[in-house]
Amino acid sequence: MKKLMVFLLLLVVAVSYAAEQRFVVPVEDSPSQGPNNAPVTIIEFIDFQ
Amino acid sequence: MDTFKGKVRLVIKNYPYKYRDFSHIAAEASLAAGDQGKYWEMHDLLIKNSPKLDRNNLIKYAKEIGLDVKAFTESLDKMKHAARIEKDKKLALDLDLYNTPTFFINGRMVIGDRPYEYLKKIVDEELKNAKQ
């Protein structure tokens, strides 16, 4: 039972960690609109075709 | 974007990988227009007219938005922005991206074309987080 509890706890931690994963994507000199200090930055990878 | 004026910055990275013919030259065209201060005008035209993105059409679009066509065409033919595009591509491969569009909203990955409402919900959450 104890083992199961530990397993479930680890599972919950793993799932919430995955949900919270944030990637660091450098902006560099890519085209942008909106203020540099905006609270939200959206980086979009596009293929025009 | 207008809904979030001043609160959201949108950054575009090129990931021309799906097709071999016009993906790269279209990315070049967008950045060449950017050199003349008209990135977003070209960006919108390319999306509107995709997949008609061959060299002749791109030059036609450049005329439509009033670019210096000679400079634009030179930029295309010399692939002036190849290094920037390759850098974006490498970044996309490092991130293991397999679809476009892929968004990172304050680093949170969203894959594929999603309804506006879905993206808005995430932006709203991030704005709320930022205020705390």
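Trainee: Is N106(B) buried, exposed or partly exposed?
Mentor: This is a predicted model, so please read everything I say with that in mind. N106(B) is partly exposed, because 19 other C-beta atoms lie within 10 Å, and a residue counts as buried from 20 or more.

Trainee: Where is N106(B) found, and what is phi there?
Mentor: N106(B) is found in the loop between β2 and β3 of chain B, and its phi is near 45°, which is a positive value in a residue other than glycine.

Trainee: Which loop holds M79(B), and what about its backbone?
Mentor: M79(B) sits in the loop between α4 and α5 of chain B, and its phi, near 45°, is likewise positive in a residue that is not glycine. M79(B) is partly exposed, with 14 other C-beta atoms within 10 Å.

Trainee: While we're on the backbone, which residues does the cis peptide bond with omega about 5° join?
Mentor: That cis bond joins S50(B) and P51(B), and P51(B) has its place in the loop between α2 and α3 of chain B. The peptide bond from T100(B) to P101(B) is also cis, with omega near -5°, and P101(B) lies in the loop between α5 and β2 of chain B.

Trainee: Switching topic, what domains does chain B have?
Mentor: The domain assignment gives domain 1, covering 14-97, and domain 2, covering 101-132. The C-alpha centres of these two domains of chain B lie 26 Å apart.

Trainee: And chain A, how many helices and strands are there?
Mentor: Chain A has 1 helix and 2 strands, which run α-β-β from the N terminus on. Of the 49 residues in chain A, 22% are buried.

Trainee: Now the inside: which residues touch the most other members of the largest nonpolar core?
Mentor: That core has 25 residues, and I25(B), A26(B), A29(B), L46(B), L53(B) and L58(B) are the ones that touch the most other members. Two or more residues each come from β2 (40-46) of chain A and from α1 (23-35), α2 (39-49), α3 (55-64), α4 (69-77) and α5 (82-94) of chain B. The greatest contribution to this core is that of α1(B), with 7 residues.

Trainee: What is A26(B) in contact with, leaving aside its neighbours within four places in sequence?
Mentor: A26(B) is in contact with F48(A) and Q49(A) from chain A, and with L46(B), L53(B) and L58(B) from chain B.

Trainee: How do α1(B) and α3(B) cross?
Mentor: Their axes come within 10 Å and cross at roughly 20°; α1(B) and α3(B) are therefore roughly parallel to each other. The crossing in which α1(B) passes α3(B) is right-handed. The contact is made by I25(B), A26(B), A29(B) and A33(B) of α1(B) together with R55(B), L58(B) and A62(B) of α3(B).

Key. Residues are numbered from 1 along each chain as its sequence is written. Chains are lettered from A and ligands numbered from 1 in the order in which they are written. This is a predicted model: local features need pLDDT of at least 70, side-chain atom pairs count only at pLDDT 80 or more; totals for chains, interfaces and linings use all residues. Domain bounds come from an automatic or database domain assignment. A nonpolar core is a set of buried Ala, Val, Leu, Ile, Met, Phe, Trp, Tyr and Cys residues joined through C-beta atoms within 7 Å. A residue is buried if 20 or more other C-beta atoms lie within 10 Å of its own, exposed if 12 or fewer, and partly exposed in between; C-beta atoms are placed from the backbone. Helices (H or I, at least four residues) and strands (E, at least two) are DSSP runs, numbered from the N terminus. Two residues are in contact if their C-beta atoms, placed from the backbone, lie within 7 Å. Axes are lines fitted to C-alpha atoms, for helices over the stretch in contact, and angles run from 0 to 180 degrees between N-to-C directions. Angles under 35 degrees count as roughly parallel, over 145 as roughly antiparallel, 65 to 115 as roughly perpendicular and the rest as oblique. A crossing is left-handed if the near helix is turned anticlockwise from the far one by less than a right angle, and right-handed if clockwise.
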